[in-house]
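Please look through the structure shown below before reading the briefing that follows it.

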Amino acid sequence: MAIRLFDFLTGLSGALDLISPEVVGHHKRVAYAAVRLARTLNLPRSERTDLYLAGLMHDVGGFSVQSRLAALQFETDGALHAELGFRLLRKNPLLEGVAPIVRHHHTPFTRVEALPEARDGQQRKLFLAGVLCLADRLDALLLRSGRKDRLSPQEVMARLRTLSGSMFDPRAVEALSELAGAERFWADLTSSDPTRALTDAPDMFEDRDMSHAQLMAASTAFSQIIDFRSRFTATHTHGVAETAVCLAEKAGFDAPELDQMRLAGNLHDLGKLAVPSEIVEKPGPLDEREKHVMRRHPELTRAILGAVPGLEQVSRWASEHHEQPGGQGYPLGLSGRELSLGSRILAAADVFTALREDRPYRPGMSREDTMRVLDRMSGHNALDPLVVSLVHGHHGEINDRRQIAQTMAAAEFREFYSSLPQAEVM
Ligand SMILES: [Fe+2]
Ligand SMILES: [Fe+2]
Ligand SMILES: [Fe+2]
């Protein structure tokens with residue numbers, strides 16, 4: 001599976017915008033501005049690359065906080081989302097280098113010197129965080145002014161300049177002043193996808209095919225973003241991915257297909273980032289409007305994954321996990337041969353995991369009850385009978401692996417939220 005690093009992360013950054021429709025494109029615009037600033041500052045390619053990735057991911061922690069924060073008001077959460085973003089990325093082999101940049105993208109310039117990182121040989125990362133901070137506030141001002149009283153580029157610049165030396169690193173502000181003279185900069189920035197203007201310049205940063213480990217690491221980061229939003233389902237994605245891979249093994253999938261299944265499992269509920277927490281966490285049954293919102297998530301998963309070259313198969317499996325062989329599923333109502341075995345496996349893995357996993361408000365279902373539900377669904381053509389027979393044949397192994405995966409994910413979840421002000425996160 002050859003996937004380009006930038007295709008993957010640029011595509012998936014679109015998922016981060018789902019949470020708040022009024023800030024669509026924020027991550028891409030910030031990534032664009034940060035890289036242009038880096039170029040103007042003559043930063044080496046490795047640092048431009050770090051800034052691009054940090055720009056694409058910088059508000060990632062905002063999705064882990066229960067209350068839905070609009071990205072533009074993120075500063076009012078005491079930069080909690082920056083800390084959570086750091087925690088999400090710091091152990092990720094692909095993104096650990098950008099974690100400190102994300103952590104400090106709201107830290108004022110005047111406070112940087114006193115940070116422990118400033119004495120830890122991480123001064124460069126802090127400088128890059130300062131560049132990102134300016135790129136982020138630039139977009140915030142532009143967006144904010146985009147609604148009613150639109151600010152001209154000159155007015156935006158004037159506001160940012162007044163904060164030079166206090167909020168912003170003067171070197172970054174100076175570079176922005178230089179950039180601001182070019183009309184092209186503002187035109188690119190306000191275009192529908194500014195990152196396209198960057199890929200025209202091939203030496204802008206280091207693009208490369210992702211290694212297997214990087215791809216898995218990046219998809220795990222996104223699965224945590226999905227899961228950690230709600231303590232009710234904090235380990236669900238990990239359980240589904242493990243169950244689906246185990247079933248695919250039993251069905252004779254080869255190694256590259258098993259990798260694709262792991263990705264599809266990790267990313268299947270990506271579109272749920274667009275579903276408000278109040279609905280995700282609602283204790284009772286959903287009303288019609290809420291159901292409608294909830295049922296859009298597979299479509300959104302398809303829209304995001306389908307746009308990444310090389311992920312076509314993954315996108316199909318992932319976005320068809322609520323389809324049913326009898327045609328009564330959603331969103332497309334596919335049936336019969338329209339549904340591949342991979343999609344049927346993921347659908348069964350999703351149901352199996354949902355039934356067997358413990359939730360804070362109820363223990364998981366017993367083996368016997370779970371199998372009764374699966375048999376009934378298979379009888380109604382709501383699940384593939386062949387896949388259900390695989391669950392029967394290998395129940396012990398499948399369930400053990402699911403449980404181990406979810407236990408490990410639960411430990412990560414606890415560590416993630418440890419020593420944070422409780423009132424703010426849960
Ligand atoms: Fe932020
Ligand atoms: Fe931001
Ligand atoms: Fe789902």
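Asn42 lies in the loop between helix H2 (26-40) and helix H3 (45-57), where helices are DSSP runs of H or I with at least four residues, numbered from the N terminus. This is a predicted model, in which local features need pLDDT of at least 70, side-chain atom pairs count only at pLDDT 80 or more, and totals for chains, interfaces and linings use all residues. Residues are numbered from 1 along each chain as its sequence is written, while chains are lettered from A and ligands numbered from 1 in the order in which they are written.

**Loop residues**
- Although Asn42 is not a glycine, it has a positive phi of about 60°, and Asn42 counts as exposed because it has 9 C-beta neighbours inside 10 Å (buried means 20 or more other C-beta atoms within 10 Å, exposed 12 or fewer, and partly exposed in between, with C-beta atoms placed from the backbone).
- Asn381, in the loop between helix H20 (367-379) and helix H21 (385-393), has a positive phi near 60° and, with 15 C-beta neighbours inside 10 Å, counts as partly exposed.
- The peptide bond from Tyr330 to Pro331 is cis, with omega near 5°, and Pro331 lies in the loop between helix H18 (312-319) and helix H19 (341-356).

**Whole chain**
- The chain has 23 helices and zero strands, and its C-alpha trace spans about 70 × 45 × 45 Å along its principal axes.
- Buried residues make up 47% of the 426 residues.

**Contacts**
- Leaving aside neighbours within four places in sequence, Leu37 is in contact with residues including Val131, Leu134 and Ala172, a contact being two C-beta atoms, placed from the backbone, within 7 Å.

Definitions and conventions: Helices (H or I, at least four residues) and strands (E, at least two) are DSSP runs, numbered from the N terminus.
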